[in-house]
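Hello! Here is the structure I promised to pass on to you. Have a look at it first, and then read my notes below.

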2 protein chains.
Amino acid sequence: MNLALDMMGGDFAPLEAVKGLQLYLQHNNATVYCIGDEQQVRALLSEYNLPEEKTVVIHAAEIIGYNENPTKALKEKPDSSISKGFQLLASGKVDAFLSAGNTGAMLVGAMFFLKPIEGVSRPTIASVIPKIGGDTALLLDVGLNVDCKAQHLDQFAVLGSIYSSSVLGISNPRVGLLNVGEEEGKGNTLCKETYPLLKDNSRINFIGNVEGRDIFNAGADVTVCDGYTGNVVLKLGESMYDIAKSRDMHNDEFIRRFAYENYGGTPILGVSKPVIIGHGISNDVAFCNMLLLAQKMIETDVCGTIKTAFRRTGTSAS
Amino acid sequence: MNLALDMMGGDFAPLEAVKGLQLYLQHNNATVYCIGDEQQVRALLSEYNLPEEKTVVIHAAEIIGYNENPTKALKEKPDSSISKGFQLLASGKVDAFLSAGNTGAMLVGAMFFLKPIEGVSRPTIASVIPKIGGDTALLLDVGLNVDCKAQHLDQFAVLGSIYSSSVLGISNPRVGLLNVGEEEGKGNTLCKETYPLLKDNSRINFIGNVEGRDIFNAGADVTVCDGYTGNVVLKLGESMYDIAKSRDMHNDEFIRRFAYENYGGTPILGVSKPVIIGHGISNDVAFCNMLLLAQKMIETDVCGTIKTAFRRTGTSAS
């Protein structure tokens, strides 16, 4: 298994990436392509005694900063660590690409270098949500598609279900539509149009509408909504975690489960190969978990399952 | 000052309404029209020693239940406590109407009996949001208008600003547009169309986009969004409070400020007279605070200020 890791992404790069890689390689076997400033990366790999047979350093002369325009930066910086990572992934040299760098550049890069899986009209990003009962659920889209049609949400439901069962290990995941009330017929135009599609979709286990109060409670295993709403919910949840931490409530078992490090980043679903976006403030544990998530996505062949699902049904949406 | 209170609304009606009224009348002067089952209400008013000169019992032979269709129920139950309350308000006998009963019936009743203020195309409901720094902000719309146009959000900004300054006492309240990023040009179609309207609106103090993470943090004093998103955020916030309570975190000063009792219910903004919707689980403190809020809305003449603002500018939206 070959993984490509952007060593220059994240606020504490490349140190935390190296430390995370060290944690990961202690217990796992993979060849990791470390993309970044060769001199800096080599020095740190050596300092942290990382095994040479498991690491390949790929020099990237440039970095795409957090505030750069993604499309412009990808065009103008072919030697950036993000561009190089996607080149490696597209060429087949590696099986997954991971970065805690510029999120927009990762999204644009995934579309440009990999393209969506045939039949998937809108790749999507999902966030893992801790449930009060101990379960782990999925919310999508969380920001890639701010304007959606019903057909897109219908596809998100399939993508989320496949990811939930393959990667999170939830069998026959219950799918809910985020709405303002439980009854069929509730909601805005998008919800009203989406509900019948989900109800008729034999590939998912649709349980109906779920509300804002259900997101962290029982609710569904996979909750679908447009990316505008999902992004608001995601950032609100993150801020609640930060508030809880700042007020000494982070020792609570439920609150602790919000810690971003645990989730290893956000996968882009619907592109042909595993691409994982890490949090800007990723520490060593976060990088290690990103690598573990990539490994799991490869081992479970979640992208292959998605390809088969969308080829079989020929679902189309524009 | 004459207030009409639905004694039959709320899970603990009419007892908690009576106890709340008792709390209120201890320190305030108003005549309260108590609408409900005459026998039950009279017995409780007497049991709790409520002053006869400050209470008028209005018999209502019917109740609109929580699960009834609002429009149908209002038509078929003219003798319900909610219908009678609106009749009193529309006729001018009382200056405000308050109920913790069927929310939908309260919304439909407000539109049917009172109609929107001239120039207001969409009355709206707002929720009070506690900020981590101690301030109190407003989020609107929180569910009355699930599909919105930019012009509606522009009007919500004005309605929210007037309420925030008149009732919450915030001078020159900062208005934010709930969005997925801070920069102008971010967001879904609705946000992109709303931003320039808010920017050009000289009647508000627009500070730009705010994100999900800003809702409980610094952010804006008045945050506007469509009612679908606002409803999801509101219910998510309520569920976080419930979770915090269930996990013994409710002694935290910030968490305590989420307690619904403190806010005295949700006003409908943009109709000609004060209408306040209470929480279904309202207790005595909640009822008392609903009455105090009604009193404040009358004393500050917030509806009159809204009328003047919309007459002056002739803002129109459809």
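**The sheet and the two copies**

In chain A of this predicted model, eleven strands form an open sheet with mixed pairing, in the order β3-β2-β1-β4-β11-β10-β5-β6-β9-β7-β8. Strands here are DSSP runs of E with at least two residues, helices are runs of H or I with at least four, and both are numbered from the N terminus; two strands pair if DSSP finds at least two bridges between them. At the edges stand β3 (55-59) and β8 (205-210) of chain A, each with a single partner strand, so one side of each has no neighbour in the sheet. On average, neighbouring strands are turned by 25° against each other, direction ignored.

Strands β5 (residues 124-130) and β6 (residues 136-140) of chain A make an antiparallel pair over five bridges. In β6(A), L140(A) is the bridge partner of A126(A).

A few notes on conventions. Residues count from 1 along each chain as its sequence is written, and chains are lettered from A and ligands numbered from 1 in the order written. Local features need pLDDT of at least 70, side-chain atom pairs count only at pLDDT 80 or more, totals for chains, interfaces and linings use all residues, and side-chain values use heavy atoms, leaving out hydrogens and water.

Enjoy exploring!

Notes
Axes fitted to C-alpha atoms, helices over the stretch in contact; angles between N-to-C directions.
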